[in-house]
Amino acid sequence: MSGATVSRPHAIGATVSVRRESHTRIGLVLTRSIAKFDPRQQVRNPVIFIVYIFTMFTAAVALYPPIFPDIVRHGFHRAYYIDVTLILLATVWFANLAEAIAEAQAKAQADSLREVRSGLRARQILPDGKRRWVAATQLHRGDLVEVRAAETIPLDGDVAKGGALIDESMMTGESAAVVRESGGDRTSVLGGSKVLDGSLELRITAEPGTSFLDRMIQLVEATSRDKSPNEIALTLVLNALTLALLVVIVTLAYLLGYTGIGTLDLATLVAMLVCLVPTTIGGLLSAVGISGVTRVAKANVVCKSGKAIEAAGDLDVLILDKTGTITVGNRLAVQFVAAPGVDAETAQLTGLLASLFDETPEGRSIARLATLRGTRSPKLNVNECKILPFSTARRMSGLVLPDGTEMMKGSISAVSALAGGFPEELRKTADAASLKGMTPLALARQNQVMGLVILKDVVKPGIGQRLQELKTMGIRTIMCTGDNRLTALSIARESNVDEFVAEAKPETKLRLVAIEKSHGRLVAMTGDGTNDAPALARADVGFAMNSGTSAAKEAGNMVDLDSDPTKIIDVISIGKQLLITRGALTTFSITNDVAKYFAVIPAIFIGIPTLVFLNVLQLGNPQTAVLATLLFNALMIPMLIPLALVGASFRPMAAVDLLRRNLLLYGLGGLVSAFIGIKLLYILLVWLGLGSP
Amino acid sequence: MLASSTLADVLFTLGLGLLLARWLGMYMSRLFQGRPTVVDPVFDPIDRAIYRILGVDPRRPMGWKEYAGCLVLTNALALVFVFLVLFYQGQLPLNFWHVPGMTWDLAFHTASAFTTNTDYQHYAPETQASLFSALLGLQTLMFLSAASGIAVLVAFIRGFVRKDGMVGNFWSDIVRTLTRLLVPLAAIGALVLLFAGVPETLAQSAHNALLGGGFQLIPTGPVASWDSIEMIGTNGGGYFAANAGHPLQNPTAFTNMIEIVMMMLLTFAPPFMFGRMVRRPNEAYPYLGAIIVLFVVALLLLFYFEASNPYVSGLNVSQSHGYLVGAESRFTISESVLFQGISVYGNVGATSMSLGSLTPGAQSVLLWGMFLQCAPGGEGTGFGMLLINALLAIFVGGLMVGRTPEYLGKKIGPDQIKWAIVTLLSHPLLILVPLAIAVAGGLEQVAAGPGSHAFTIALYEFTSESANNGSGMGPINDNTQYFNVAGGLVMLLGRYVPMVAMLAIGGALARQPAIPPSTGTLRTSSVTFTLFLVGFVVIVTGLLFFPVLAMGPWAQGVNWP
């Protein structure tokens, strides 16, 4: 019953009596599991439906033996029929329970999301400029609303005017507040997040009921999920196996009856059929599917369809942005080089002053490095200086000191033009740094070259190992960057990425996606800008960042609320776990059957001395043997519910190794555990007095 | 258990068969990829003439439905033609023994048997088939049915390579199989057998003076040419009722070995052909490995079970040469068992022993081979079955490695799976349902002997028919309307349901683009995969047939190793 206590770390009001909720949830699960005995629900799962039908048959015989005179004539044990019926009933109920628990988990996830949004009201801006309060549910796409400090954003939208500090923690779990303002790539806000400071005018981008929140709620709550091709094919296999075994058992009944070889007991044959049909996987299949979506939602990823999760498990190629995904996103200063004849201190001071009021991360890192090296800036009043910000025309930035001295930093060519030449020695150093993928900036005072500061793109800690994991899974990674080839090569080497595209233009990603898809590969890409939208839409898995634009989020089929591009690796793992869990349970079901045969077949041919060799488990009492096998079969469902909900473990390794490992675990494990389990249950039943040894 | 000389004999025969099969598989891959071969100058004009007569364009690729349509149509026409020949053989020429026409149900059963490459014989050829029927009717079908099986496999395999949804041209495949493979092979085989002592004559009887005066007429005929295509085409229908146990059909230990090698040719060639056709020659080995594991285990069990019979051991009878009841005394027990093993496991169905006299253990091993149908199974279709099993195994195994299952770059999804399970389902259905109906009237009506022995015989009948094997276990009263009609239908469904499924899977695969492999792709050329495939086939087949094996042969009493 581990599923009943769902952790809800990101919901508001999560503190309200979790104990009370988990209590009502157990009640709900039980009610739901009973309600699922409705034949209209049962018929959707043919494997369990077969059990359901035969339960009714044995129940009828147990309740009113006289209406089946043929059965009663052949040494009829009513108690045996009752026992069989009860275990069959339990089998169906366990399958219902598995599904009900998975649904309850999903519902809990959906509720915590829904809680965020319920009762939201919004201050709508009418065309004439007037404001009026409306319920969030009455808003439509394109409406303008105003949100002020301490209010909650009613629906997903884009900031049309103003800017504000926003707390998205109830959506993303990320406690640091973020700035959202009009213009640029940081305009989109999520319904449910809170404005801490400032005020916004917001253009609604989602119809009520179609926002990301609603979509995720619908997906986790959906009673009829759209099945992936894998699930359809597996269902076909399971149903065919069930049908084949039905043919085997029904014809066996006739063959036993006509030939008189062996004992014809319908309860035993029903038990045998139920043991053999893949009830374990049949009973857990839908729970596996539901839990996959729930797990993705718990990872704070909004996904627009369940199929996308499985597609993630199948990926061949992953296209990643360099900036923000592989590198921390900013180039940082790592070294000063003084020009010939200039002392180091002067060069550092030039760098420090040129970057003194430069608020870009690069600028700050130059100032920080200089300070670290012991350079102190003279006291300056910002109002007396003139800041020259970076411009594409100037390709330099800097500061004009109160005395009129210009302290500049910029590209080698720009500074070289300014100074009318560049020291050869320094140029060599700069070229060498470029070759290593670093970015050299020239420093100048007035028209004189003072030295270089070398900036470096810093790879995120741990990214190399994660990309190596992807490689082991057989996923090729392609890094996309606007940097030159050398910089890109250096980052690619450092981060374990397989391939890279340097000097990428906005349309490069779309072209990359198209090329990879034309080779039949499944492609995923991460992105956040409006430029990325076409490629996100084209990719099989478009993984958009929550911090990105609405266009990007609309185009992708998954949105990471934490805006962490590397999280796509977690989604890939969840997708693979889904498939592995299904395959593992199927293998387990099938290998279990071997042991079940060796337990039930001897019970049918108990009187034939030549077939005694089949009784490898030495089960003396045929009816107890059948009950033990049937009980084992039923108990496997609840025993494996945790596996179905959490997913089979997945460690990145080569496919053949994974196959060998899972075959040993679930194939051989299923074979051995069934022999042992049935024997133990038999001993237990005999000990309980349910049959002679 | 096995004397070293016997072991050398067995290994030599199997080794020779495998070697020739490998060579043949490579030749066949060239043949069906339309690549030049040395025999082109001879056969190109012949083939062109045939295409012109048929009025077909051999270069136009077909989708799977059109291919299946052509296959079913030609086979149906042949079936009707041979049915008429058998029904009216009394009025037709070349009828030395004045054989009357067959009854409609026997004619239907026989025509179905030879069309489907089963060659189950509910009649005694010596007395119930004229030379006209044998030559123009049955022997023609022996070529056509073998060619059909190979053509279907070739089309199936093309699905793994092609990307345009087409599976090849039926007319080209069938004509090339006939002219460049079956006819030359059968001719060579017939000559070898002829020189080894098998008769080949259009005379229908040999006149033989007896020592005590008077004379006897011994039925004979073009036995060598019949025998050759019977073995090479995995047909298995005998020229004589005693089949390869008859001294004119299999006179010496040498012909016995030649016939074993002939049976191995087209049954063991397909893995090699497959590897070459999908341009990954090593892909042959996981399958060859699986076939060899399944087949060798069966062979060892057969040798063991036929080495001695524990029920005879107490009777003061020497079994130093094996349990010889029902076996030909001209051959050693190992020669007979090797013949029988490859004949049943290769779905040839020729018999050199009386199967009803085998020990129950040996009988269960033979039944198991026909339940499997793929170790190695009949010409083309046997390997097709193994591929279908492999697709199902790869599907389950592929899920366990966390990717949508794929094989040779083609995804295995609902389109392929639905046809694979039709095949999986059809075999038990076609065996168990008619069997249950057959025994409804009482086992003693069907076959003689104690209950489980009679049951084994009846089970063997439908198993052999559904697997398109054709070997029979007597004594059984099977020339009845029920057995003829039900048997005929079982053979037809047991043949064409899997064949259509193979073509459909090939077509579904051919519609897909190929995905390049990565380290995340399940590599099939590994020992792990081979063992997994063997385990999968054994467990799934066991699940379906375990109860009837217990009721039949095992209940008779088996001395397990």
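Helices (H or I, at least four residues) and strands (E, at least two) are DSSP runs, numbered from the N terminus. With that in hand, let us walk through this predicted model, in which local features need pLDDT of at least 70, side-chain atom pairs count only at pLDDT 80 or more, and totals for chains, interfaces and linings use all residues. Residues are numbered from 1 along each chain as its sequence is written, while chains are lettered from A and ligands numbered from 1 in the order in which they are written.

Let us begin with chain A. Chain A holds 23 helices and 20 strands. Its C-alpha atoms fill a box of roughly 115 × 60 × 45 Å, taken along the principal axes. For a compact globule of 693 residues the radius would be near 26 Å, but chain A has 34 Å. A residue is called buried if 20 or more other C-beta atoms lie within 10 Å of its own, exposed if 12 or fewer, and partly exposed in between, with C-beta atoms placed from the backbone. By that count, 52% of the 693 residues of chain A are buried. Two residues are in contact if their C-beta atoms, placed from the backbone, lie within 7 Å. Among contacts in chain A between residues at least 6 apart in sequence, 69% join residues at least 24 apart.

Now turn to chain B. Here you will find 18 helices and four strands. The radius of gyration of chain B is 23 Å, close to the 24 Å from the globule rule for 561 residues, so chain B is as compact as a globular protein of that length. The box filled by its C-alpha atoms is roughly 75 × 55 × 50 Å along the principal axes. Of the 561 residues of chain B, 61% count as buried. Residues 24 or more positions apart account for 77% of the chain B contacts with a separation of 6 or more.

Where do the two chains meet? In this model, 54 residues of chain B are in contact with 62 residues of chain A. On the chain B side, the elements giving two or more residues are α14 (381–400), α15 (414–440), α16 (451–466) and α18 (527–556). Of these, α15(B) gives the most, with 14 residues. To sort residues by class, Ala, Val, Leu, Ile, Met, Phe, Trp, Tyr, Cys and Pro count as nonpolar, Asp, Glu, Lys and Arg as charged, and the others, Gly among them, as polar. The side of chain B that touches chain A then has 37 nonpolar, 14 polar and three charged residues.

Next, look at a pair of helices within chain A. Axes here are lines fitted to C-alpha atoms, for helices over the stretch in contact, and angles run from 0 to 180 degrees between N-to-C directions. The axes of α10 (residues 279–298) and α21 (residues 568–604) of chain A come within 10 Å and cross at roughly 170 degrees. That makes α10(A) roughly antiparallel to α21(A), a label used for angles over 145 degrees, with those under 35 counted as roughly parallel, 65 to 115 as roughly perpendicular and the rest as oblique. Among the residues making the contact are A:L284 and A:V288 of α10(A), together with A:I574 and A:L578 of α21(A). By class, this contact has ten nonpolar, six polar and two charged residues.

Leaving aside neighbours within four places in sequence, A:I574 is in contact with A:G292, A:R295, A:V296 and A:I309.

B:I394 is buried, with 24 other C-beta atoms within 10 Å. Its C-alpha atom is separated by 8.2 Å from that of B:L522, 128 residues apart along the chain.

Finally, consider the cores. A nonpolar core is a set of buried Ala, Val, Leu, Ile, Met, Phe, Trp, Tyr and Cys residues joined through C-beta atoms within 7 Å. The largest has 357 residues, of which A:A98, A:L284, A:V600, B:A458 and B:L503 touch the most other members. A second, separate core of 32 residues includes A:A333, A:A339, A:M407 and A:M408.

Conventions. Rg over C-alpha atoms; globule rule 2.2 N^0.38 Å.
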